[in-house]
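Please keep the sequence and the structure in view while reading.

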Amino acid sequence: NDLDMAISLGVNHISAYSLTIEKGTKFYNYPQAKQNNEYLEVWFVNMIKSRFYQYEISNFGKICKHNLGYWKLKNYIGIGAGAVSFVDNKRYYTHSLIENYIQNPTYKKIEKLSPYEIKEEIILLGLRSIVGFDKTILNQDELDRAYQLIDDKLILKDGKFYSKEFLLADAISLWILG
């Protein structure tokens, strides 16, 4: 019904994120709240894909260049409580609690990503989107595993490697990385 309503309103882009129900949240104690229902997730994604083009794991429709910037590891600035920024291979985190953010809005925790972590991100984000990734970042063992996935028809190669199924991107990435 939600999808039909969105279409009737002329929506040209849909973001559909999986809900992770964490212990200690109100949803966790509701038995009617579905937890980790992969079949439901795949069904819903396929329903959206039947009406909108999927260009990344959770986004469908008209391609949002802003969103693709994240998938290409471009620099971005996040503002507000719980915001995350990414600048020059470093992640910056603000306070996640609004009260703490108000008390100290310039606070930032810095996470410097190593060259290997950047490589992991390029592969993971590339396979979760239409961005893909260039084979030149892989060592020989990783390249051999990637070519096996091409033989298994799980990824495509067209100058870059691309996932055929975004919902499998995390598992495929981990397998390539060994």
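Two strands are said to pair if DSSP finds at least two bridges between them. Strands (E, at least two residues) and helices (H or I, at least four residues) are DSSP runs, numbered from the N terminus. The model is predicted, so that local features need pLDDT of at least 70 and side-chain atom pairs count only at pLDDT 80 or more, while totals for chains, interfaces and linings use all residues. Residues are numbered from 1 along each chain as its sequence is written, and side-chain values use heavy atoms, with hydrogens and water left out.

**The sheet of β4, β5 and β6**

An open sheet is formed by 3 strands in the order β4-β5-β6, with antiparallel pairing. Because β4 (84-87) and β6 (109-112) stand at the edges with a single partner strand each, one side of each is left without a neighbour in the sheet. Neighbouring strands of this sheet are turned by 20 degrees against each other on average, direction ignored; axes are lines fitted to C-alpha atoms, for helices over the stretch in contact, and angles run from 0 to 180 degrees between N-to-C directions.

Strand β5 (residues 90-93) is joined to β6 by 4 bridges, and β4 pairs with β5 over 4 bridges. In the hairpin of β4 and β5, 2 residues lie between the strands, and Asp88 takes a positive phi near 50 degrees. Some bridge partners are listed below.

| Residue | Bridge partner | Strand of the partner |
|---|---|---|
| Phe86 | Arg91 | β5 |
| Lys90 | Lys112 | β6 |
| Tyr93 | Lys109 | β6 |

The side chain of Arg91 makes a polar contact with the side chain of Glu121 at 2.6 Å. A polar contact is a pair of N or O atoms within 3.5 Å; within protein, one must be able to donate a hydrogen and the other to accept it, and residues adjacent in sequence count only if both atoms are side-chain atoms. Leaving aside neighbours within four places in sequence, the residues in contact with Arg91 include Tyr76, Val84, Ile110 and Leu113, where contact means heavy atoms within 4.5 Å.

**The sheet of β1, β3 and β2**

Another 3 strands form an open antiparallel sheet in the order β1-β3-β2. Its edge strands, β1 (13-15) and β2 (54-56), each pair on one side only. β1 pairs with strand β3 (residues 59-61) over 3 bridges, and His13 stands opposite Gly61 in β3. Helix α2 (residues 38-49) packs on this sheet and touches β1, β2 and β3; the direction of α2 makes about 25 degrees with that of β3.

**Helices α6 and α7**

The axes of helix α6 (residues 140-151) and helix α7 (residues 169-177) come within 7 Å and cross at roughly 140 degrees. Among the residues that make the contact are Arg145 and Leu149 of α6 and Trp175 of α7.
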